[in-house]
2 protein chains.
Amino acid sequence: MFVAIADPTRRKLIRLLANADELPLHELTDQFQMGRTAVSKHLTILREASLVIDRKVGRETRYRLNAAPLQEVKDWLSFYEEFWKERVALLQNLLSEDK
Amino acid sequence: MFVAIADPTRRKLIRLLANADELPLHELTDQFQMGRTAVSKHLTILREASLVIDRKVGRETRYRLNAAPLQEVKDWLSFYEEFWKERVALLQNLLSEDK
DNA sequence: ATTATAGGACACCATTTGGTGTCGTGTCAA
DNA sequence: TTGACACGACACCAAATGGTGTCCTATAAT
């Protein structure tokens, strides 16, 4: 999961699919400078992380975003979110004491 | 940033530092099976992502967590969070229409 | 029927990644 | 002052990563 979203190409794929509902591989490939094979590999990694669902329609393979698994990242983050906001609060306390 | 948190060893380092406020390299190293050099490299990557702050105290280098940069990940996620919750709502609508 | 398009499956490659061991140096302890 | 400890800085290595090009098949278009 964390590895899946670590690559900028894959994050761009996620973004493209979020804005388009469903897209075939060749249209996704048009948005990049790299070749079809490379984009396909990235989509495979996203599919293995369940971030993307694919179906075959005629001769094309269409991809759709499945953002739900990102919940795992959100859960991980939420632990630290409290942490860093608390720290900011402590800092603000220090600053106000300086007055 | 995304690369920094992609590695499980680095996430464990973050977790350890969150629970301990400040820890020297050798104590962090004790929590892993790998050697000091490897842990030090991971900490360097975390420092370059500003997720960690280090200071030298005597002969040891102590590390402290700086969780704030994780905000970037949270911001990235928030865009998709709305997205997947909306989808769940749509799915629930479909299910209720089936009744 | 023939040609063009879409894409899976490989084989292949350079670079990056995540680890090791070793050496040198500064610092604390006996 | 003599070890022992903590760590940075290398040099080094195997495996993973992110790309390429080519071949093949299935489908669509002419």
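The model is predicted.

Chain A contains four helices and three strands. Along the sequence these elements follow the pattern α-β-α-α-β-β-α. Of the 99 residues in chain A, 19% are buried. Among the contacts in chain A between residues at least 6 apart in sequence, 51% join residues at least 24 apart. According to UniProt, in an unreviewed entry, the feature "domain: HTH arsR-type" covers residues 1-85 of chain A. This span is 53% helix and 16% strand, and its end C-alpha atoms are 25 Å apart.

The three strands of chain A form an open sheet in the order E1-E3-E2, with antiparallel pairing. Strand E1 (23-24) and E2 of chain A are the edge strands, each of which pairs on one side only. In general, the strands of a sheet pair through backbone hydrogen bonds, and the pairing is either parallel or antiparallel. E2(A) is joined to strand E3 (residues 60-65) of chain A by six bridges, and the two run antiparallel.

A:Arg55 illustrates the setting of a residue in this sheet. A:Arg55 belongs to strand E2 (residues 52-57) of chain A, and its bridge partner in E3(A) is A:Arg62. A:Arg55 counts as exposed because it has 10 C-beta neighbours inside 10 Å, where the limit for an exposed residue is 12 or fewer. A:Glu22 is 33 residues from A:Arg55 along the chain, and the C-alpha atoms of the two are separated by 9.8 Å.

In chain B, an open sheet of three strands likewise has the order E1-E3-E2 with antiparallel pairing. The edge strands here are strand E1 (23-24) and E2 of chain B, each pairing on one side only. Strand E2 (residues 52-57) of chain B pairs with E3(B) in the antiparallel sense over six bridges. Within this pair, B:Ile53 stands opposite B:Arg64 of E3(B). The hairpin of E2(B) and E3(B) has two residues between the strands, and B:Gly58 in this hairpin takes a positive phi near 60 degrees. E1(B) also pairs with E3(B) in the antiparallel sense, over two bridges. On this side of the sheet, B:Pro24 stands opposite B:Arg62 in E3(B).

The same surface serves both copies, as 100% of the contact residues of chain A recur in chain B.

The contact takes 15 residues from chain A and 15 residues from chain B. On the side of chain A that touches chain B, helix H4 (residues 71-97) of chain A gives the most, with seven residues. By class, this side of chain A has 13 nonpolar residues, two charged residues and no polar ones.

Both protein chains also supply residues to the surfaces near the DNA. DNA strand C is surrounded by 20 residues, of which the closest are A:His26, A:Glu60, A:Thr61, B:Gly35 and B:Gly58. At least two residues of this surface come from each of helix H2 (25-30), H3 and E3 of chain A and H3 of chain B. H3(B) gives the most to the surface near DNA strand C, with four residues. The residues of this surface divide into five nonpolar, nine polar and six charged.

Around DNA strand D there are 19 residues, and A:Gly35, A:Gly58, B:Leu25, B:His26 and B:Glu60 come nearest. Two or more residues of the surface near DNA strand D are given by each of helix H3 (36-48) of chain A and helix H2 (25-30), helix H3 (36-48) and strand E3 (60-65) of chain B. The element that gives the most to this surface is H3(A), with four residues. By class, the surface near DNA strand D comprises five nonpolar, nine polar and five charged residues.

Terms used
Residues numbered from 1 in each chain as written. Chains lettered and ligands numbered in written order. Predicted model: local features only at pLDDT ≥ 70, side-chain atom pairs only at ≥ 80, totals over all residues. Contact = placed C-beta atoms within 7 Å. UniProt positions renumbered as here; feature names shortened; annotations may be inferred. Buried ≥ 20, exposed ≤ 12 C-beta atoms within 10 Å, placed from the backbone. Near = placed C-beta within 6 Å. Nonpolar A, V, L, I, M, F, W, Y, C, P; charged D, E, K, R; others polar. Pairing = 2+ DSSP bridges.
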